[in-house]
Amino acid sequence: MDAEQPCRMRKKAVQQGRSERRGEAYACRYGEPLSEARTPLADFFRILLEAGAKEERMAMSVTRSIGAVLLLGGVLALPGCGYNDLQGLDEDTKAAWSEVINQYQRRADLIPNLVNTVKGYAAHEKETLEGVVQARAKATSIQVTPEVLRDEAAFKKFQEAQQGLSGALGRLLAVAENYPNLKADQNFRDLQSQLEGTENRITVARKRYIDRVAEFNKMVRYFPTNLTAKILLHMEEKPNFTVADEKAVAKPPEVKF
């Protein structure tokens, strides 16, 4: 018994060492101790879960790649759809409209001095003078906001008011022809020059606005830029001046006294 005991102890030590090495190898391979080893069925489900997670990660990576490609394609396609051109034309029409308003305002600013000068020589032309004053008041009372360019009815109202003022001025200038002393007045002659220059600038500004709006409206109507205008930018056609005789726009009116 005493002689066999050392042999049994050596065998037990060898077996214990082998068991420890197997546990270490299993832990290195599966990340868990051998004592916590699962059944083959549990390993099977674990492998399935790992495979599913891997496929999910791959699917997410593919989705992100597709999204990046679509985004890049959209960015590259924007110039071809007229996005930048529409934005530029929109700014051009706003700038042209601002110039129209500036020139109309300049004309309105000249009218008080003109009326006072005429009144000094033709005070009895009360009806004509009051007509000019009222037409000016109506034209300047209209609030010119950005909405005017999107509202055809408001734009038409503005245009009619300016046309009414032009007609009243024409009648006043016709009356002045009957008063030689008025025509010889230096202040009146200065106003004549300023008014003539303003009318010329109004015509040029209107013509520029008409051209810009016509170009913008074509972009809004034509395919495929109409998709960009209506879907992405929510743009609509802008109202434009209606001119019965195009020559009236091409040639500035003459102001004679």
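Student: Where is Thr 228 found?
Tutor: Thr 228 sits in helix 8, residues 225-232. Helices here are DSSP runs of H or I with at least four residues, strands are E runs of at least two, and both are numbered from the N terminus. This is a predicted model, where local features need pLDDT of at least 70, side-chain atom pairs count only at pLDDT 80 or more, and totals for chains, interfaces and linings use all residues. Residues are numbered from 1 along each chain as its sequence is written, and side-chain values use heavy atoms, leaving out hydrogens and water.
Student: Is Thr 228 buried or exposed?
Tutor: Thr 228 is buried, because its relative accessibility is 4%. Buried means under 20% relative accessible area, exposed over 50%, and partly exposed in between (1.4 Å probe, protein chains only).
Student: Which residues is Thr 228 in contact with?
Tutor: Leaving aside neighbours within four places in sequence, Thr 228 is in contact with Cys 81, Tyr 83, Leu 86 and Leu 233. Contact means heavy atoms within 4.5 Å.
Student: New topic. Where is Pro 224?
Tutor: Pro 224 is in the loop between helix 7 and helix 8. The peptide bond from Phe 223 to Pro 224 is cis, with omega near 5 degrees.
Student: And what about the phi of His 234?
Tutor: His 234 has a positive phi of about 55 degrees, yet it is not a glycine. Most residues other than glycine have a negative phi, and most peptide bonds are trans.
Student: Is His 234 buried or exposed?
Tutor: His 234 counts as exposed, because its relative accessibility is 63%. His 234 lies in the loop between helix 8 and helix 9 (247-250).
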